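Work through the exercises below with the sequence and the structure in view. Each task is followed by a worked solution.

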Amino acid sequence: MKLNDYINEKIDPLFQKGGKYEKLWSVYDSFHTFLFVPRHTAARKGVQVHDSVDSKRVIMMVILALVPAALVGMWNVGYQHDLALGINDGWFMQFLYGLVAFLPKVVVSYVVGLGIEMTVACIKREEVAEGFLATGLLIPMIVPVNTPLWMIAVATAFSVIFAKEIFGGTGMNIFNPALITRAFLFFAYPKAMSGDEVFVRTGSALCNSPIEGTAVVDGFSGATPLAAVADGSFDPATYSTIDAFLGCIPGSIAETSTLAILLGACLLLLTRVASWRIMLSVFVGGAAMSAIIAAFSDNAPTVCQQLCFGGFAFAAVFMATDPVTGCRTNTGKFIYGLFIGVMAILIRMFNTGYPEGAMMAVLLGNACAPLIDYCVVKSNISKRAKRVNA
């Protein structure tokens, strides 16, 4: 309490209006409210309930839910590296290799994204939106691990400026910023975003920086299962569903382990941060469409494989449930989730130029969410009017 009192009495006035560092108030406020519970309420007059659970604390729950997928994904980067070279450095060295490859991308994402948001907030003299705390971790998790850092920086800047700030900032954007980052990378640099090459290099796991020296081992194919589906070479018996569930297949850090993703889902559901209606309906829609396609194709992935391969599970748990870009009505959430699940499988199976359909399906869902909510509300109004007039 003494530290907090000192900050409020001595440091706080320096950043308030008329203070020496008035122009940096937005930056100071972002760090202060991150470390301490805000003292102000939503309104100065009137009775209201106020507790310590603000949007920053909600975002922190999302970050904690991402931790299992991030940890398993980092280990898998090292595991795929050892698998490609035909060596076994042990799980700790494999994890350390993935950590060294992953951390620079996290740093670049946060520095660029938060830098832009703090600059805009200082110009407007507004609070720094906390939404990027989660977005900054999501971005490096959904891109191939061998994506160059400068590409991540450019795509992050594009996403924050054109998919977020131009709409008014956090809470006003209509598309998920993390997915816009990946979409920008995919369409601007499609070769770098294929994700078919496993991130490997020659030598032992720590003798050189994995960021500087990457290579693809001759004779080793790191193609993801979805890439095999796209080129028609997929064989359901070749790819182990249990490996995909545990996280032992090539792919972006976020999408490899369905088990880790489900652990994060449990935390989000227990804390009521994410909507179970959207999660459930995405999986139901994906499973139903997968079963229909599998019934008419001999070499299509099974239902379990479709749900475990690629970014489907991650999209269902962390992307589709974004409260800003998703539906608000309960009925709309079911429709929204079913739409995303069905579209993700359709894009995967019938668009050979784009093997991973989850990202595009969520973006299409974002675009349709306002219309879905509008139709649901109009339908409810019509039903109530009929009851009144009956």
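**Exercise 1.** How many residues does the largest nonpolar core have, and which have the most contacts inside it?

Solution. The model is a predicted one. Its largest nonpolar core has 79 residues. Those with the most contacts inside this core are M141, F314, F318 and M319. Helix α3 (residues 55–85) supplies the largest share of the core, 9 residues. Next, take F314: leaving aside neighbours within four places in sequence, F314 is in contact with L66, L138, M141, I142, A254, I261 and M319. A second, separate core has 6 residues, among them F234, A244, I249 and F309.

**Exercise 2.** Describe how helix α10 and helix α13 pack.

Solution. Two packed helices are described by the angle between their axes and the distance between the axes. For α10 (residues 258–270) and α13 (residues 312–319), the angle is about 15° and the axes are 10 Å apart. Angles under 35 degrees count as roughly parallel, so α10 is roughly parallel to α13. The crossing is left-handed. On the α10 side, T258, I261, G264, A265 and L268 take part; on the α13 side, A313, F314, V317 and F318 do. By class, this contact has 7 nonpolar, 2 polar and no charged residues.

**Exercise 3.** Where does I174 lie, and what does I174 touch?

Solution. I174 is in the loop between α6 (149–162) and α7 (177–188). Its relative accessibility is 38%, so I174 counts as partly exposed. Not counting residues up to four places away in sequence, I174 touches F167, T325 and N366. I174 and P370 are 196 residues apart in sequence, while their C-alpha atoms are 9.0 Å apart in space.

Definitions and conventions
Residues are numbered from 1 along each chain as its sequence is written. This is a predicted model: local features need pLDDT of at least 70, side-chain atom pairs count only at pLDDT 80 or more; totals for chains, interfaces and linings use all residues. Side-chain values use heavy atoms; hydrogens and water are left out. A nonpolar core is a set of buried Ala, Val, Leu, Ile, Met, Phe, Trp, Tyr and Cys residues joined through side-chain atoms within 4.5 Å. Buried means under 20% relative accessible area, exposed over 50%, partly exposed in between (1.4 Å probe, protein chains only). Helices (H or I, at least four residues) and strands (E, at least two) are DSSP runs, numbered from the N terminus. Contact means heavy atoms within 4.5 Å. Axes are lines fitted to C-alpha atoms, for helices over the stretch in contact, and angles run from 0 to 180 degrees between N-to-C directions. Angles under 35 degrees count as roughly parallel, over 145 as roughly antiparallel, 65 to 115 as roughly perpendicular and the rest as oblique. A crossing is left-handed if the near helix is turned anticlockwise from the far one by less than a right angle, and right-handed if clockwise. Ala, Val, Leu, Ile, Met, Phe, Trp, Tyr, Cys and Pro count as nonpolar, Asp, Glu, Lys and Arg as charged, and the others, Gly among them, as polar.
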